[in-house]
Amino acid sequence: MDAVLPDAVAPDAGLPLCASHTLEEKGRAFLWDVRQYGRKEVAFVMRFEGQLRAYLNRCVHVPTQMDWQPGEFLDIEKRYILCSLHGAAYEPHGGRCIGGPCGRGRLTPVAVAERDGQVYWYPSRDIVPAPLAGPPASGPDGATADPAAPAAPESPP
Ligand code: FES
């Protein structure tokens with residue numbers, strides 16, 4: 001098992017992401033929704049030189065997603081993670097900026113592991129699963145619909 005668990009709050013409670021075989025060496029990354037400090041973010045995991053590498057899909061230069069096609073992060077020579085917006089380049093191992101407008105920044109890592117043919121990720125204090133569904137829709141006055149409340153009778157034509 002290859003796991004890096006910064007700030008992990010439940011190291012044994014990995015959440016399943018995808019089958020290991022779907023992550024080909026230097027191939028398309030798997031993307032999933034998370035929340036960091038309550039803000040919606042996207043994370044990605046890829047296989048690079050046999051190891052899983054996972055980060056938030058957020059450039060250090062401007063907080064925007066970096067992939068030039070969904071799940072495609074590597075440069076043409078498949079050596080660096082490249083931001084599609086202004087070309088910042090990051091080391092796949094460790095996420096450190098090595099060129100472009102990202103300065104001395106570093107991508108935000110996400111803890112992942114692989115076992116029995118399955119890839120898992122590990123929520124941390126700061127990065128947690130995104131809710132499966134949004135909050136109940138609210139009306140213009142801020143009132144929320146109560147799904148248990150009986151439906152209002154239809155008015156006659
Ligand atoms: S937003 Fe990524 S390099 Fe500018």
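**Close-up views of a sheet and its core**

View 1. Arg53 in strand S4 is the bridge partner of Met46. This pair, like everything shown here, comes from a predicted model. Strand S3 covers residues 39-48 and is joined to S4 by 6 bridges. The two strands run antiparallel. Between S3 and S4 sit 2 residues, and the strands form a hairpin. Glu49 lies in the turn and has a positive phi of about 50°.

**View 2. S3 meets S2.** S2 and S3 also run antiparallel, with 7 bridges joining them.

**View 3. The open sheet.** Strands of a sheet pair through backbone hydrogen bonds, either parallel or antiparallel. Here 4 strands make an open sheet, and the pairing is antiparallel. Their order is S4-S3-S2-S10. S4 and S10 (127-129) are the edge strands, each pairing on one side only. On average, neighbouring strands are turned by 40° against each other, direction ignored.

**View 4. Strand S4, an edge that is mostly covered.** S4 spans residues 51-56. Of its 6 residues, 5 are buried. S4 is still an edge strand of the sheet.

**View 5. The largest nonpolar core.** This core holds 34 residues. Phe44, Val45, Ala54, Val110, Val112 and Trp121 touch the most other members. Elements giving two or more residues include S2 (30-36), S4, S8 (111-115) and S9 (118-122). Which strand gives the most to this core? S3 does, with 5 residues.

Terms used:
Residues numbered from 1 in each chain as written. Predicted model: local features only at pLDDT ≥ 70, side-chain atom pairs only at ≥ 80, totals over all residues. Buried ≥ 20, exposed ≤ 12 C-beta atoms within 10 Å, placed from the backbone. Pairing = 2+ DSSP bridges. Core = buried A, V, L, I, M, F, W, Y, C linked by C-beta atoms within 7 Å. Axes fitted to C-alpha atoms, helices over the stretch in contact; angles between N-to-C directions.
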